[in-house]
Amino acid sequence: MKVAVIYASTTGNTEAMANAISDAVKAAGAELVFGTADSADKAAVTSCDVLLLGSPAMGDEVLEDSMEEFFASIEGSISGKKTAIFGSYDWGDGQWLRDWAERISKAGAAAAAKPLMINLTPGDSDLAKCKDWATAAIK
Ligand SMILES: Cc1cc2nc3c(=O)[nH]c(=O)nc-3n(C[C@H](O)[C@H](O)[C@H](O)COP(=O)(O)O)c2cc1C
């Protein structure tokens, strides 16, 4: 199985989540395509069986710019893919992930797990949660 973990992060919080998630993907023995949204290869990502995509809440409950640009570029090519989303936030209630999940559903992709949100910097228990979430998402 091939799994993509692609993320954007402005201060490292979503990046820490992505690192824990990729550790779990590797531990499960899956092939990993890992990187940031601003350098991700669209063809390599859409060739994966499962897409795990991360972005912090930015602007007013929207995706970080580079993830918005990357996701828009693959949005028409993810029908039938197993996809799950994650990210860090501060003061909101997760609207950015609910909106993103709706776009993913409208694109015809299946949710591999519920969206995972962590407040600000993930602590040890949050990172363990990220690993468990990834392990379940790629089953
Ligand atoms: C310009 C800006 C806009 C933000 N907008 C939101 C928001 O709409 N909702 C929210 O919950 N947090 C918002 N935040 C907080 C970030 O999501 C939070 O700091 C997060 O931990 C950043 O993760 P990162 O280090 O992966 O970029 C915003 C932060 C900045 C700097």
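Residues are numbered from 1 along each chain as its sequence is written, and side-chain values use heavy atoms, with hydrogens and water left out. Because the model is predicted, local features need pLDDT of at least 70 and side-chain atom pairs count only at pLDDT 80 or more, whereas totals for chains, interfaces and linings use all residues.

The ligand is surrounded by 18 residues, a residue being near if one of its heavy atoms lies within 4 Å. The closest are S9, T10, T11, A57 and S88. By class, this shell holds six nonpolar, nine polar and three charged residues; here Gly counts as polar, while Tyr and Cys count as nonpolar. At least two residues of the shell come from each of α1 (13–27), β4 (57–58) and β6 (82–89), where helices (H or I, at least four residues) and strands (E, at least two) are DSSP runs, numbered from the N terminus.

Now to the polar contacts, pairs of N or O atoms within 3.5 Å. An oxygen atom of the ligand lies 2.6 Å from a polar side-chain atom of T10. A nitrogen atom of the ligand is 2.7 Å from an N or O atom in the side chain of E61, and a nitrogen atom of the ligand is 3.1 Å from a polar backbone atom of G59. Of the 650 Å² that the ligand exposes when taken alone, the protein buries 80% (Shrake-Rupley method, 1.4 Å probe).

A pocket is an open set of points on a 1 Å grid over the protein atoms alone, where a 1.4 Å probe fits, with protein on both sides within 12 Å along at least five of seven lines; lining residues have an atom within 4 Å of a point. Of the 17 lining residues, P56, A57, M58, Y89 and D90 lie nearest the pocket's centre.

Terms used. Polar contact = N/O pair within 3.5 Å; in protein donor to acceptor, adjacent residues only side chain to side chain.
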